[in-house]
Amino acid sequence: MSPPPTPSSEAVSIRLLGPFHLSVAGDDPQIPPVPLTRRAAELLQLLALQPGRSLANEQVVEALWPHLDPDAGSANLRKAAHHARQFIGQPDALVLRGGRVFLLPDHAVACDAERFERAADEALHSGDPQACKAAAQLYGGDLLPDARYETWTEAPRQRLRDKFLQLLRQTGDLERLVREDPTDEAAHVQLMREELAAGRRSSALRWYGHLRDHLQQTLDMRPGPSAEALYRECVAGLEGAAPRFVGRAMELVRVLGWLRASLAGRPGGAVVRAPAGMGKTAFCRRVAEEARGLGWQVRSLQAGDWTRPYGIAADLVEPLLGELPDAAQAIGAHAQAVLAQMTASGDVKPLALPLGRHQMVGAVRRLLLATAAHKPVLLIVDDAHAADDASAQALTQLAASGPPVFVLLACRHALPPLLDRNTSRLQRAGQLEALELGPLSEEEAALLAARSADAPMTGEAATAIARRAEGLPFAVVELARGAATSDGAAAVMSRSLSSALAERLCDLDPGTTEALRRLALSAEDFDVATAVALATDEGHDALARLDQALAAGVLVVADGRYRFRHALVRDALAEGIPPHRRVLWHRDVAARLAQGGAAPGLVGHHWLAAGDAEQAMPCALAAARQAFRLGAYEDVLRHVEPLLAHRAAQPEALALRAESLDALGRPGTLAAYDAAAAVAEEALSHELRAKRALAQVKMSDPPGALQFLKDVHPTTVAGRLAEALAYSGAAALGFGGPRRRHAPVGRSASDCLGDRRRRHARDRLLVASRGGARARRPARQRVGRPEGDEPPAAAGGARVRRSPVHHAALFVRLAAVCRGHRLCRCAGHGSAAAGRGARACVRGHVARRSLAAQWPTRRRRTGPGGRRAHAPRDRRRDRRSAVAAASLGTGDLPRADGPGARPA
């Protein structure tokens with residue numbers, strides 16, 4: 001190869017760090033540049049990264065077009081070189097000579113990547129912090145971000161980035177380092193040490209939360225031992241002293257007795273009810289201590305944010321997954337995928353089937369048992385009244401799942417409607433016990449006052465506090481801590497709980513008090529980012545305010561999150577906001593939460609409280625979509641109904657409301673579908689009307705559904721499937737003649753599943769088999785069926801409600817499996833099998849094998865002429881449908897859609 005010619009004086013500048021840019025000195029800015037094609041850009045970038053800006057022809061083709069043969073690759077190279085010359089405006093910009101490609105061989109070229117790497121090598125070799133700082137300033141960003149997924153950029157990009165991070169470590173610029181690399185644990189630990197040494201605990205907690213969140217989201221890991229040790233040092237003395245426990249002997253004996261009895265079958269849980277400040281938290285801690293002594297594995301949770309679907313379950317799952325080195329092996333790949341959807345951490349892959357509550361509860365139960373080391377599990381949920389509806393359903397269903405899991409719910413008397421219904425139902429069934437915590441006796445309250453006082457207290461002073469507190473443990477503790485001297489009985493008598501809380505807040509400056517009022521108005525608990533966003537004011541340090549609140553004992557830290565020391569402290573702060581200012585405060589809180597990246601449901605709640613429906617709409621809809629994706633239909637209604645009170649004709653909110661009511665089997669479903677279809681676009685309107693007809697079939701009104709379907713012409717997959725299922729359900733109940741029934745249903749089903757499987761789909765759907773056979777059966781053989789087509793309302797309604805068609809997420813689920821087995825075949829034996837399969841899924845068992853044993857494939861019997869005959873086809877189909885239903889309950893789509901699920 002001949003040596004390159006001497007470069008000309010015309011300089012060319014190439015930028016590779018950040019967006020690609022190439023400019024030639026002396027270009028006329030008035031002349032628009034020739035557009036740069038993608039092939040030409042990749043060729044220029046590849047050559048600019050090479051030493052000497054030269055590469056062999058074969059190497060270029062292999063790097064840029066590895067899928068092409070040599071001739072086609074060479075043609076691409078010549079075209080790309082031609083377009084690159086036109087873009088640069090120089091005929092000798094790219095030279096193909098001697099089997100190699102040269103970029104700008106006759107020009108002086110200044111490349112930012114070369115300049116940075118040369119300066120970084122010199123600075124790192126010398127070790128001079130100032131030289132390292134100067135070299136770090138030359139780094140303009142990651143190499144070629146628009147070509148991030150090209151393999152030929154990966155090695156140089158990582159090499160340059162590593163040198164940039166080394167420069168930041170050498171200069172000690174740790175804050176920029178953790179912004180560039182949020183998973184750098186060593187840098188976070190050093191920042192935490194520096195903040196602790198300066199007495200800024202809130203800043204140290206902020207860096208710990210930053211590290212923990214990014215490790216969880218990126219690598220699905222928790223911080224290492226050094227970071228955890230510093231965190232414990234941060235929160236030492238900030239978690240709040242454990243409440244003193246006095247009395248409650250009989251209540252404690254009852255709960256421990258229920259724990260022992262639960263191992264034999266019942267009860268599966270208990271609910272402890274008491275007003276705020278009555279000592280529920282202290283009682284739960286004492287139960288946890290006693291249960292650990294009896295060999296139970298105890299897991300404790302605190303409910304708080306009702307705007308997150310499955311929020312409590314996610315708070316339980318995330319730390320438990322950190323205890324399992326191989327979650328897929330311990331709980332199963334499907335359960336791990338379900339939990340990943342719930343926590344939304346790491347690389348979440350979509351599931352083959354929609355999520356349902358049974359899958360969620362089953363996965364959580366398996367995780368609890370996998371981390372229990374073969375011990376029975378006690379799950380304690382404090383402030384359960386503040387839980388979101390999906391978590392409330394999951395907790396009560398977990399309590400009903402039976403041993404070895406026992407659920408203890410501590411809550412106030414006034415419960416949300418859903419939680420109240422579920423706990424009442426379980427109490428009537430004997431699966432949940434109830435316990436009331438009353439006031440302490442005067443003797444017990446005096447003893448609690450003496451134990452809680454910061455200084456020795458006389459008996460008279462303790463008795464005076466007990467009488468003033470009227471047996472309320474929280475009031476006893478607050479009044480006792482406020483007694484400064486042992487002879488201050490008279491002073492204590494003049495105090496009240498509100499004055500004790502006011503004195504605690506008097507130590508705070510007005511700005512900190514105002515920030516705490518915003519926090520009290522926002523939520524039960526909050527992460528560090530939310531706390532900083534709500535405590536920030538221009539010219540004031542938010543972290544210093546948080547440190548002051550921690551020092552005063554108003555805030556405590558638990559699991560890296562802030563919360564008020566007691567709900568009554570939060571109530572006292574929130575009640576101090578005047579009514580005429582509350583709307584403005586809600587608006588301010590909503591804007592701060594949105595800026596801090598808070599959950600959309602919480603942001604939308606505050607916008608609605610401020611009366612701004614326009615600002616609340618995108619947040620509330622985003623929260624409703626997330627809840628719908630997780631199958632948390634009660635939470636969907638909780639988000640959209642306040643929005644519809646302000647905007648009654650919002651199409652998406654109406655559609656989400658209708659489908660959620662349908663999934664829950666609530667009254668008003670048909671009217672909700674009508675309202676949503678009236679304001680939706682044409683395609684969505686027909687889809688909603690098809691789903692409305694299917695809902696009408698499930699409500700035991702097939703004639704009305706068939707009449708309604710005459711004017712419905714859906715074009716979407718979900719709409720056409722709903723139409724097919726509506727016809728199928730009507731035919732399964734025996735409505736219409738077989739000829740009339742087969743034609744529309746066969747068309748709808750085959751159109752939905754594709755013309756190539758027209759006959760296959762018709763054979764697979766129930767309407768083409770069971771419905772026709774039932775219609776052809778003589779009237780005297782239809783036991784309990786009148787002469788006409790219409791079945792008895794009770795029997796028809798029961799059959800439809802027990803069929804898989806009534807599943808909450810039926811549309812996508814049945815679309816995935818309808819080609820494998822007859823959809824409504826579980827109306828008889830299959831419905832019971834589906835129920836058993838769902839219960840077995842919740843208990844963590846796979847019921848397919850046992851269900852298969854209940855319906856043998858054949859039963860030998862003697863037929864006419866002494867010949868042996870097989871069992872009727874219906875019995876064999878019932879057995880296969882039962883196995884398919886159980887497979888659906890456990891989320892085994894291949895099994896549900898396999899040969900074993902096919903009809904005979």
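Helices (DSSP runs of H or I, at least four residues) and strands (E, at least two) are numbered from the N terminus. The structure described here is a predicted model, in which local features need pLDDT of at least 70 and side-chain atom pairs count only at pLDDT 80 or more, while totals for chains, interfaces and linings use all residues. Residues are numbered from 1 along each chain as its sequence is written, and side-chain values use heavy atoms, with hydrogens and water left out.

We may start with the cavities. A cavity is a set of points, on a 1 Å grid over the protein atoms alone, where a 1.4 Å probe fits but cannot get out, and its lining residues have an atom within 4 Å of a point. The lining includes Ile-312, Val-361, Leu-379 and Ser-391. By class it has 9 nonpolar residues, 1 polar and no charged ones, where Ala, Val, Leu, Ile, Met, Phe, Trp, Tyr, Cys and Pro count as nonpolar, Asp, Glu, Lys and Arg as charged, and the others, Gly among them, as polar.

Helix H29 (residues 600-609) is largely enclosed by the rest of the structure, because 7 of its 10 residues are buried (under 20% relative accessible area, with a 1.4 Å probe and protein chains only). Among these buried residues are Leu-602, Val-603, His-606 and Trp-607. Their cover includes helices H24 (510-522), H28 (579-595), H30 (613-629) and H31 (633-646). Just after H29, Gly-611 takes a positive phi of about 80 degrees.

Arg-273 lies in strand S7 (residues 269-273) and is buried, at a relative accessible area of 13%. Leaving aside residues up to four places away in sequence, Arg-273 touches Cys-411, Asp-420 and Glu-436, among others; contact means heavy atoms within 4.5 Å.

Turning to the cysteines, the model has 0 disulfides, a disulfide being a pair of cysteine sulfur atoms within 2.5 Å. For Cys-284, the closest cysteine sulfur is that of Cys-411, 9.6 Å away and therefore too far for a bond. Cys-284 is buried at 5% relative accessibility, and Cys-111 is buried at 5%.

How values were computed
Buried < 20%, exposed > 50% of the residue type's maximum accessible area, 1.4 Å probe, protein only. 1 Å grid on protein atoms, 1.4 Å probe; cavity = no way out; pocket = protein on both sides within 12 Å on 5 of 7 lines; lining within 4 Å.
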